[in-house]
Amino acid sequence: MNYNQDLSDQITFLLPLKDRDYISIRLIKYLNSINFKLNLIVADGSLNSQENLFFKLKKKHNLLYKKFPYDKNPFFFTKKLSESAEIINTEYCALMESDELINFETYIFFLDFLKKNTNYTFVTGKIVNFDLKKDNSILIHKKQCHPNFDILFKSKFEIINHPSCWEGLHRSHNLKNSLKNILDVSDKNFNMLNLVKFLNIFTIAQGDVKFFQSKFITFRQANTSQFDNTIFTSSSKIMQKSNKIKTFLFMKSTKYIFKMYLKIEKLQNKNLKSMFIKYYTMHLISLIYQDIES
């Protein structure tokens, strides 16, 4: 079989699953239509196995399917991610979501960038989010990315200004280290907001980050259910709804933040430690103000 590009020996795409078979079917059709050969690890935390669905990818891609216990909370999800990352044996890797359609040509560009710039640990670009409406029409979200992202140096890292380190290309050893540290500080009460924020912090703590405003990396559906059952509700609205008493929720997270600080101390990055304290102090003040105003 002929492919325009074989990415399977250089990049591993890690796909965490939880239910949403209807989304998986769309992704499988897309991955079987592209002109790239991929190395793909499917980490399935669904209630019912999706192995039969993903078996269809084996003729075209290198596929490793692993079934995990049900993702009944974000801790199980974090554990699944960390354990799956340890299986990665390529030098570079990327997280993939079942509700996104990746532009793999951009990842070839990212690969070349990281090879030439060894001080960078992560590179990312523009994400276009959309909602799929009940009549199957598409609503594109207006705000696609932060206008000021470019080069983010480890030595000048500010937690408040950085891109998400979820979608994009990682050096595999850095992502493994990040997820292992996050798992070490988590427990059954851990939440997704902490997971995303801590992944950002650990990624940039290990090296510089590059954001390419002009490089489109993925077309992602926002209104798919993850830890909810509302298919036609935007994930951003779900997040807002679950954070009515923001200060209370933040206080519940302080033990994880303290554990994270102890981890960061070992990195010997004075600027990061000071920014960590400054960010979460300002964040708490902001949440108190928002709760008083609401």
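How many of the 6 residues of strand E4 (residues 39–44) are buried? In this predicted model, the count comes to 6 of the 6, so strand E4 is largely enclosed by the rest of the structure.

Strand E2 (residues 11–17) runs parallel to E4 and is joined to it by 6 bridges, with Pro16 having Ala43 as its bridge partner in E4. Strand E5 (residues 62–67) also pairs with E4 in the parallel sense, again over 6 bridges; here Leu40 is partnered by Leu63 in E5.

Moving on from E2, the next strand to look at is E6 (residues 92–95). E2 and E6 pair in the parallel sense over 4 bridges, and Ile11 stands opposite Tyr92 in E6. Strand E6 pairs with strand E11 (residues 169–171) as well, but in the antiparallel sense and over 2 bridges, where Tyr92 stands opposite Arg171. Both faces of E6 are covered, with Tyr92 and Ala94 buried on one side and Cys93 and Leu95 buried on the other.

What about the nonpolar residues? In soluble globular proteins, nonpolar side chains tend to be buried together. The largest nonpolar core here has 34 residues, and Phe13, Met96, Phe104 and Leu169 touch the most other members. Helix H4 (residues 104–116) gives the most to this core, with 6 residues. A second, separate core has 31 residues, including Phe68, Ile88, Leu175 and Tyr280. As for Met96, its contacts beyond four places in sequence include Phe13, Leu27, Leu40 and Phe104.

Then there are the aromatic rings. The whole structure holds 13 aromatic pairs. One of them joins Phe75 and Phe76, edge-to-face, at 6.1 Å centre to centre with 85° between the planes. Phe76 counts as partly exposed because its relative accessibility is 26%. Phe109 and Phe212 have ring centres 4.9 Å apart and planes at 85°, so this pair is edge-to-face. Since Phe109 lies in helix H4 and Phe212 in strand E12 (residues 208–221), the pair ties together parts that are 103 residues apart in sequence. Phe109 is partly exposed at 33% relative accessibility, whereas Phe212 is buried, with a relative accessible area of 14%. Each ring also has a lysine over its face: Lys215 over Phe109, at 4.2 Å from the ring centre, and Lys210 over Phe212, at 4.8 Å. Ring pairs link Phe109 and Phe212 into a cluster whose members include Phe13, Phe36 and Tyr120.

Conventions:
Residues are numbered from 1 along each chain as its sequence is written. This is a predicted model: local features need pLDDT of at least 70, side-chain atom pairs count only at pLDDT 80 or more; totals for chains, interfaces and linings use all residues. Side-chain values use heavy atoms; hydrogens and water are left out. Buried means under 20% relative accessible area, exposed over 50%, partly exposed in between (1.4 Å probe, protein chains only). Two strands pair if DSSP finds at least two bridges between them. A nonpolar core is a set of buried Ala, Val, Leu, Ile, Met, Phe, Trp, Tyr and Cys residues joined through side-chain atoms within 4.5 Å. Contact means heavy atoms within 4.5 Å. Rings of Phe, Tyr and Trp (its six-membered ring) pair if their centres lie within 6.5 Å; planes under 30 degrees apart count as stacked, over 60 as edge-to-face and the rest as tilted. A charge sits over a ring if NZ of Lys or CZ of Arg is within 6 Å of the ring centre and within 35 degrees of the ring normal.
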